[in-house]
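Let's take a walk through a protein model together.

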Amino acid sequence: MSKDKDERKGHLKLVVNNAEIRSARPSAPEQEFVPLEELIANRDLFRPAFYRGMGRLQTKGYQQLERYLANRGAPYGIDPVHGKVMVLPAGNVSPEALEFGSPQDELLLSISEDAGGSGLCFSLEMILPYFSEDDAVMEEALLFAPVLQYGALFLEENPHDGMLDLIYRLAVPLFPPVLTTRLAERMFSIFSFELKETFLALSDYPEG
């Protein structure tokens, strides 16, 4: 077992300094990538386009989220183009994201209609900073990662290079459909803890 593990270790690598290629933004090849720094610096400029055409409950949820992020002094950006998401440096929420990844790693925040169409869903998502050109290695990394209590790990093909991304997502329904400070704090706390557990487990998998 340990021999097999050692044979795998050199194949899973850390992704650094290439957020434009490995990011979940943009979602389509024709969309221009907007760096996180620009989203943060121009969020007041982007805000009208972000909220334009949005439903009342979803608007209220995002406004609550903006107030929460502002109160905690988080350097968040608003992206009105790539799926209407709010973007944070992952290291702002998870110190381990800086330790194992890079300052360019992003946390995507979204409030969208839930699968049943009867309410809203608040989610936090991050592409974990690991990759391999071999899909089988990525699939084994997913199996090697811990089973989490609240969030989920899954693989998804990156539209820019066709390679698999290992993604963590934490999502909860909003009932009633408003976001409270207490719920946001709980979500960020769980996100930070489960990311730490995942990074510590996977740190024994790739080549150090």
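Predicted model: local features only at pLDDT ≥ 70, side-chain atom pairs only at ≥ 80, totals over all residues.

Residues are numbered from 1 along each chain as its sequence is written, and side-chain values use heavy atoms, with hydrogens and water left out.

Find the sheet to begin. Strands of a sheet pair through backbone hydrogen bonds, either parallel or antiparallel. Here, 6 strands form an open sheet with antiparallel pairing, in the order 2-3-4-5-8-7. Strands (E, at least two residues) and helices (H or I, at least four) are DSSP runs, numbered from the N terminus, and two strands pair if DSSP finds at least two bridges between them. Strand 2 (77-79) and strand 7 (152-157) are at the edges with a single partner strand each, so one side of each has no neighbour in the sheet. From one strand to the next, the twist averages 30°. Angles run from 0 to 180 degrees between N-to-C directions, and axes are lines fitted to C-alpha atoms, for helices over the stretch in contact.

Now zoom in on one pair. Strand 3 (residues 85-89) and strand 4 (residues 106-113) are joined over 4 bridges in the antiparallel sense. Met86 stands opposite Leu109 in strand 4.

Next come the helices. Helix 5 (residues 56-71) lies across strand 2, strand 3, strand 4 and strand 5 (120-127), and runs at about 150° to strand 4. Helix 8 also packs on the sheet, touching strands that include strand 8 (164-174), and its direction makes about 155° with that of strand 8. Among the buried residues of helix 8 are Phe188, Phe191 and Leu195; buried means under 20% relative accessible area, exposed over 50%, and partly exposed in between (1.4 Å probe, protein chains only).

Which residues does Ser110 contact, beyond its neighbours within four places in sequence? They are Tyr62, Val85, Cys121, Phe122 and Ser123, where contact means heavy atoms within 4.5 Å. Ser110 lies in strand 4 and counts as buried because its relative accessibility is 16%. Its side chain makes a polar contact with that of Ser123 (2.7 Å). A polar contact is a pair of N or O atoms within 3.5 Å; within protein, one must be able to donate a hydrogen and the other to accept it, and residues adjacent in sequence count only if both atoms are side-chain atoms.

Finally, visit Glu125 in strand 5. Glu125 is buried, with a relative accessible area of 14%, and its side chain makes a polar contact with the side chain of Arg169 (2.5 Å).
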